[in-house]
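User: I've got this structure open and I'm a bit lost. Can you walk me through it with some questions and answers?

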Amino acid sequence: MARMQIVPLLEIVKESHHTTTYRFRADFGGAPGQFIMVWIPRQDELPMALSYLGPVKGITVRAYGDATKAFATFRPGDRIGVRGPYGNTFRLEGEKVLAVGGGTGMASMIAAIEAFAQQGATVTTAVGARSADEVLFVDRASASGEVHVATDDGSRGFNGFVPTLADRLLEKHKFDQIITCGPEKMMKIVVDTAVKRGIPVQASLERYMKCGIGICDACAFDDRLVCVDGPVFTGEQLAASEDFGKFRRDKSGRRVPA
């Protein structure tokens, strides 16, 4: 098991009213799509996607529970614990790639978007959010290719949901790979569309997770574990899934509606 490192926060960037990026230096690797376990002192340990790779890494966190709300009060110089990285990665396959991100799902995809562009792929990104002030990483995605924005309230870009925007892009352009991350019901629509069109698709899933290394079984997904078999799954795997878009596990391990 990877050892935990206690690291000081170097930089904290407020991305939106509820989402913050934390930068820190740690001596482990990391690849697009992987996650780390982050210990928030006096609170909890939580899985978080690597939104920045390289020597100075980053995680982008939405404040939604007690631990992440406490994390939002941290300042540069405060210390956290990190261990990892864990999980599989986005496979960098395809020359014309469509990335479909919803909400903080962009945090899991942005490193992959940049990696695809760095190896010469043409990347088009469809970013969705509830409103203009919640859209994430448009500048970084724009540096890697064309970007289209969808907002639920119409305050920026396309007025509607991002799967609808993605479907319009698929009508106009040919893609040979789709990647997606966001709310699971959103990803279900994107994956179903990709499978129907015969386009390879990879989706990064989020599940309740305690250990990150396949011991606790909290992140059970069909007969797999998201922490070790994922978090990135293929369209073929998801098309055969009984859980995807329908069920997840609560903290007690019960299978409940998604």
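User: Let's start with two helices: are α4 and α5 roughly parallel or roughly antiparallel to each other?
Analyst: Helix α4 covers residues 162-172 and helix α5 covers residues 184-197 (helices are DSSP runs of H or I with at least four residues, strands are E runs of at least two, and both are numbered from the N terminus). Their packing angle is about 20 degrees, with the axes 9 Å apart (axes are lines fitted to C-alpha atoms, for helices over the stretch in contact, and angles run from 0 to 180 degrees between N-to-C directions). Under 35 degrees counts as roughly parallel, over 145 as roughly antiparallel, 65 to 115 as roughly perpendicular, and the rest as oblique. So α4 and α5 are roughly parallel.

User: What kind of model am I looking at?
Analyst: Residues are numbered from 1 along each chain as its sequence is written, and side-chain values use heavy atoms, with hydrogens and water left out. Local features need pLDDT of at least 70, side-chain atom pairs count only at pLDDT 80 or more, and totals for chains, interfaces and linings use all residues; this is a predicted model.

User: Back to the helices: is the crossing of α4 and α5 left-handed or right-handed?
Analyst: Look at how the near helix is turned from the far one: anticlockwise by less than a right angle is left-handed, clockwise is right-handed. For α4 passing α5, the crossing is right-handed.

User: And how many nonpolar residues are in the contact of α4 with α5?
Analyst: From α4 come Val 162, Pro 163, Asp 167, Leu 170 and Glu 171, and they meet Met 186, Ile 189, Val 190, Thr 193 and Arg 197 in α5 (contact means heavy atoms within 4.5 Å). Ala, Val, Leu, Ile, Met, Phe, Trp, Tyr, Cys and Pro count as nonpolar, Asp, Glu, Lys and Arg as charged, and the others, Gly among them, as polar. Sorted that way, there are 3 charged, 1 polar and 6 nonpolar residues.

User: Which residue in β2 is the bridge partner of Glu 11?
Analyst: β1 (residues 5-14) and β2 (residues 19-25) pair in the antiparallel sense over 5 bridges, and they form a hairpin with 4 residues between them. In that pairing, Val 13 stands opposite Thr 21. The partner of Glu 11 is Arg 23.

User: What about the other neighbour: which residue in β6 pairs with Gln 5?
Analyst: β1 and β6 run antiparallel and are joined by 4 bridges. Gln 5 has as its bridge partner Val 82.

User: Which are the edge strands of the open sheet?
Analyst: This sheet has 7 strands with mixed pairing, ordered β10-β9-β8-β7-β11-β12-β15. Inside it, β11 (residues 177-181) and β12 (residues 201-204) run parallel over 4 bridges, with Cys 181 opposite Ser 204. α5 lies across β7, β11 and β12, at about 170 degrees to β11. The strands that pair on one side only are β10 and β15.

User: How far apart in sequence are the parts that Arg 3 and Asp 27 tie together?
Analyst: These two form a salt bridge, with the closest N and O atoms 3.3 Å apart (that is, a side-chain nitrogen of Lys or Arg within 4 Å of a carboxyl oxygen of Asp or Glu). Arg 3 lies in the segment before β1 and Asp 27 in the loop between β2 and β3, so the pair joins parts separated by 24 residues.

User: Last one: where is the cis bond with omega near 5 degrees?
Analyst: There's a cis bond between Gly 230 and Pro 231, but its omega is about 10 degrees. The one with omega near 5 degrees runs from Gly 84 to Pro 85.

Definitions and conventions. Two strands pair if DSSP finds at least two bridges between them.
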